[in-house]
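Here are my notes on the model you sent. Please read them with the structure open.

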Amino acid sequence: MEKDTSFLFAGINFDKKKFATDISRFKEKKENNRTVSVNDTNLIESVIPEPVEARVSKVRRKRKNITCSDTVEGFSVFKSSNVPGVATDEKNEQEQTDGTLRAKKELNKQLEEDSLLRKKYNIHVSGSNVPTPLQSFAELNSRYRCELYLLNNFTELGFQEPTPIQRQAIPVLLSGRECFACAPTGSGKTLAFVCPMIMKLKHRLSTGIRAVILCPTRELAAQTTRECKRMAYGSKLCVLLMTKDLIRNADLSKRHCDVLVSTPLRLELAIRKKRIDLTRVEYLVLDECDKLFELGLLKQIDYVVKACSNPSIIRSLFSATLPDYVEDLARRSMHDAVRVIIGRKNTASESIKQKLVFAGNEEGKLLALRQSFVESLSPPVLIFAQSKERAKELFAELRFDDIRADVIHSDLSQAQREEAVNNFRRGKTWVLIATDVIARGMDFKGVNSVINYDFPDSAAAYIHRIGRSGRAGRVGEAVTLYTEDDVPFLRNVANVMSASGCDVPSWIMSLPKQKWKKHRPHRESIATKPKDQKE
Ligand SMILES: Nc1ncnc2c1ncn2[C@@H]1O[C@H](COP(=O)(O)OP(=O)(O)OP(=O)(O)O)[C@@H](O)[C@H]1O
């Protein structure tokens with residue numbers, strides 16, 4: 001991460017007060033002499049009871065003694081109060097006082113209920129007027145008038161109730177607030193940002209891109225596109241994955257697309273080739289945001305974010321690891337954002353049983369791995385190696401053993417990478433050897449164990465790698481092999497383990513804390529054969 005990140009989001013930092021007229025012009029259009037907001041909120045308000053958060057903010061505004069001339073979000077508040085020349089008799093005053101007291105009571109009751117619900121689901125929030133969390137998916141209809149196809153899709157997908165991140169992030173985004181969120185791996189963050197997006201977008205036939213989801217890898221972008229399509233099934237929304245072909249053959253500026261999912265590199269390329277217009281994007285999601293803000297991707301992200309120049313854009317950041325610098329950045333550059341943390345920040349999912357195994361040296365690691373396969377191979381198993389070279393070496397060692405192994409790394413073609421992922425998903429491959437290219441976001445159902453053959457290069461990498469198992473409340477197992485070289489870095493992984501309730505030997509917890517950027521020691525090549533016998 002570059003030290004100075006202030007240029008990030010610079011292209012869309014703007015003074016909302018100064019451009020208030022422009023914003024309101026953008027937000028509203030006249031239709032049949034009646035003001036209809038672009039996202040139809042007025043229409044919704046006319047048919048459903050006012051949401052609690054709206055009532056809450058009204059009461060708060062009242063408390064601040066706003067006068068009749070104050071305009072809040074395009075509405076004139078307290079139109080009938082304090083108007084010069086209008087006599088206010090005692091009865092009226094009494095009624096007003098009673099009304100305010102009732103509203104106050106109602107507000108306090110609601111705040112209490114919200115806080116109990118948050119406590120129950122380990123939801124921590126900061127920001128002003130944070131909307132009430134969802135009790136159930138049904139509230140998407142009763143509170144926000146969501147279309148029934150969406151609830152049907154959730155039922156079809158087997159989702160009975162919202163996960164904690166969904167309970168809080170969905171109402172935040174539906175209320176038009178920006179959001180940065182941290183929730184454990186496999187806890188349903190994808191639905192948390194896709195659901196409000198498809199609810200808000202509805203179907204419209206104008207050209208141009210209306211929402212963008214950025215993911216750090218092609219595999220994750222493809223998976224997110226698939227999830228989006230599943231959730232939007234039954235609507236007319238158009239969801240597209242940015243591919244090389246699309247950049248080459250299609251002029252996206254003339255095509256209609258509701259949701260575009262892409263890696264930063266591909267999107268940057270399309271913008272540079274003038275194949276795409278992002279000026280009307282209404283929603284921007286940075287998934288795995290801390291990865292996107294790392295040095296290698298930061299410039300591309302900045303370029304894309306600047307291209308999304310719509311002043312009313314709603315941006316959100318999601319990850320299972322949210323370092324302080326990303327939070328600082330979010331606070332500085334997002335507008336009135338809500339921070340949502342589920343459980344403790346930067347911890348592993350509690351449904352994963354984690355183990356550290358000392359293997360002495362590189363040779364010991366291979367022996368330990370083979371031994372564990374003989375004793376108890378319970379596929380599917382994911383094995384992480386430190387580099388593509390080491391992943392290839394390990395694959396060369398295991399491919400002739402009696403296990404169905406495959407490998408995935410960045411030297412493979414796109415088609416080969418897709419095939420490796422699909423074979424693993426379908427159970428054709430039992431053991432997938434991988435680099436960190438699939439460590440984040442990939443949702444392989446039922447991975448029984450993750451083996452860190454090479455010690456991860458950071459605590460965040462550890463959390464994401466092992467998070468490929470133990471998803472959606474299932475149990476999983478993670479084994480991390482370590483050698484003498486890794487001992488100084490053990491404490492960082494041990495801290496994560498202990499924070500998620502796993503036992504860690506006390507000698508490890510008493511090791512000195514290590515400042516740890518990237519731990520990638522040079523390692524002996526992976527081989528059981530003596531060097532002179534190797535091909
Ligand atoms: N409400 C729900 N009930 C049950 N399962 C759900 C629910 N929401 C999502 N899931 C499932 O949980 C799994 C994990 O979801 P998802 O991939 O969104 O996790 P994530 O939090 O983004 O994880 P990661 O941090 O690894 O990216 C998926 O298989 C998804 O279908």
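1. Start with Asp406. It stands opposite Leu432 in strand 16. Strands here are DSSP runs (E, at least two residues) and helices are too (H or I, at least four), numbered from the N terminus. The model is predicted, so local features need pLDDT of at least 70 and side-chain atom pairs count only at pLDDT 80 or more, while totals for chains, interfaces and linings use all residues. Residues are numbered from 1 along each chain as its sequence is written.

2. Strand 15 and strand 16 (residues 431–434) run parallel, joined by four bridges. Two strands count as paired if DSSP finds at least two bridges between them.

3. Next, a helix pair. Helix 18 (residues 459–466) packs on helix 19 (residues 490–499) at about 50°, with the axes 9 Å apart. Helix 18 is therefore oblique to helix 19. Axes are lines fitted to C-alpha atoms, for helices over the stretch in contact; angles run from 0 to 180 degrees between N-to-C directions. Under 35 degrees is roughly parallel, over 145 roughly antiparallel, 65 to 115 roughly perpendicular, and the rest oblique.

4. Which residues make the contact between these helices? Helix 18 gives Ala459, Tyr462 and Ile463; helix 19 gives Asn492, Val493 and Val496. Contact means C-beta atoms, placed from the backbone, within 7 Å.

Technical notes:
Two residues are in contact if their C-beta atoms, placed from the backbone, lie within 7 Å.
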